[in-house]
2 protein chains.
Amino acid sequence: MSDFKEQDILGINKAFEQAHISYKKEGGIPIGACLINNLTGEVLGVGHNERVQKGSPILHGETSCLENIGRLPAKVYRNCTLYTTLSPCAMCSGTCILYDIKRIVVGENKTFLGEEELLKSRGVELIVVDDDRCKNIMTEFIEKNPELWNEDIGEE
Amino acid sequence: MSDFKEQDILGINKAFEQAHISYKKEGGIPIGACLINNLTGEVLGVGHNERVQKGSPILHGETSCLENIGRLPAKVYRNCTLYTTLSPCAMCSGTCILYDIKRIVVGENKTFLGEEELLKSRGVELIVVDDDRCKNIMTEFIEKNPELWNEDIGEE
């Protein structure tokens, strides 16, 4: 990948770590995220899906990550990369569009394909790394919890 | 408006009430929302922007309303109308697309124009009622708090 940055290994590892914590330690949905400032390399925060843990319909991996970080001015978001284990759904894609997060690194998009075309049409640089860890944990989760997964993506 | 339902007066009143509480009682951003089940007429819940109150970047009026209600299956969202005092931003529009909320009644879109075209392109019925209360409270808020408002919509 020509646009791969050194921070990307750290970012996707931290996102996967969050997915793993959510699933294996907390009994939740295995999707995690991490936000890194591209200018400083600083990890601003991490988060994971909290549907089960907090009974939340809006705390997906990506939104949970931003919520854990708290309020930031627009100029910070614009210089960040969001790492997420799974292709971002419409809510999380819309959140990136709102805050003008211009670069997203996605663990995998095989178990769920989110709004990647919408993101690209708004100028977001989207990199899918096709990470086996991310695919395997989601595949196992979906097989064991099809109803919970459908609820999380608004399907019946 | 040919598609106006009887529940819409209740819905937009409740959304405005939430905006008013946020701004006048809690010192927050005056945007509120309400979700009503079209099949039963039941008010499922309400919410308002919580950026100031909870230091949250993701609790806009609409997302806060869904968070307050908690987890719902897809089939419930599909038969709901979401009432919001202000034209929905990309995050809140994406949330409606995720959960297939097919009908949105908007108080006003003069102080901020959200992702209305995207919503319509996905088949959402969008009704803007041009409510003076919603316009006036946002106009006053934006004049007094331009930086806070810009932060909420990812602008500098």
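**Helices, burial and backbone angles**

Visitor: What pLDDT do side-chain atom pairs need in order to count?
Guide: Residues are numbered from 1 along each chain as its sequence is written, chains are lettered from A and ligands numbered from 1 in the order in which they are written, and side-chain values use heavy atoms, with hydrogens and water left out. This is a predicted model, in which totals for chains, interfaces and linings use all residues and local features need pLDDT of at least 70, while side-chain atom pairs count only at pLDDT 80 or more.

Visitor: What radius of gyration does chain A have?
Guide: The radius is taken over C-alpha atoms, and the globule rule is 2.2 Å times the number of residues to the power 0.38. For 156 residues, a compact globule would have a value near 15 Å. Chain A agrees with this, having 14 Å.

Visitor: Which elements of chain A do the buried residues of H7(A) pack against?
Guide: A residue counts as buried under 20% relative accessible area, exposed over 50% and partly exposed in between (1.4 Å probe, protein chains only). By that criterion the buried residues of H7(A) are Cys134(A), Lys135(A), Ile137(A), Met138(A) and Phe141(A). Judged by contacts (heavy atoms within 4.5 Å), these buried residues pack against H1, S3, S4 and H8 of chain A.

Visitor: How many residues of helix H5 (residues 90-98) of chain A are buried?
Guide: What covers the buried residues of H5(A) includes H3, S3, S4 and H6 of chain A, together with H5 and H8 of chain B. The helix is largely enclosed by the rest of the structure, because its buried residues number nine of the nine.

Visitor: Is Glu115(A) buried or exposed?
Guide: Glu115(A) lies in the loop between S4 and H6 of chain A. Not counting residues up to four places away in sequence, Glu115(A) touches Pro88(A), Cys89(A), Ala90(A) and Ser93(A), and also Ile97(B) and Arg122(B). With a relative accessible area of 15%, Glu115(A) is buried.

Visitor: What is the relative accessible area of Lys54(A)?
Guide: Lys54(A) lies in helix H2 (residues 51-54) of chain A, and its C-alpha atom is separated by 9.6 Å from that of Gly28(A), 26 residues apart along the chain. Lys54(A) counts as exposed, because its relative accessible area is 55%.

Visitor: What is phi of Asp130(A)?
Guide: Most residues other than glycine have a negative phi. Asp130(A), in the loop between S5 and H7 of chain A, is partly exposed at 36% relative accessibility. This residue is not a glycine, yet its phi is positive, near 55°.

Visitor: Which residue with a positive phi follows H5(A)?
Guide: In chain B, Asp100(B) lies in the loop between H5 and S4, is partly exposed with a relative accessible area of 24%, and has a positive phi of about 55°. In chain A, a residue with phi near 55° follows H5(A), namely Asp100(A).

Technical notes: Helices (H or I, at least four residues) and strands (E, at least two) are DSSP runs, numbered from the N terminus.
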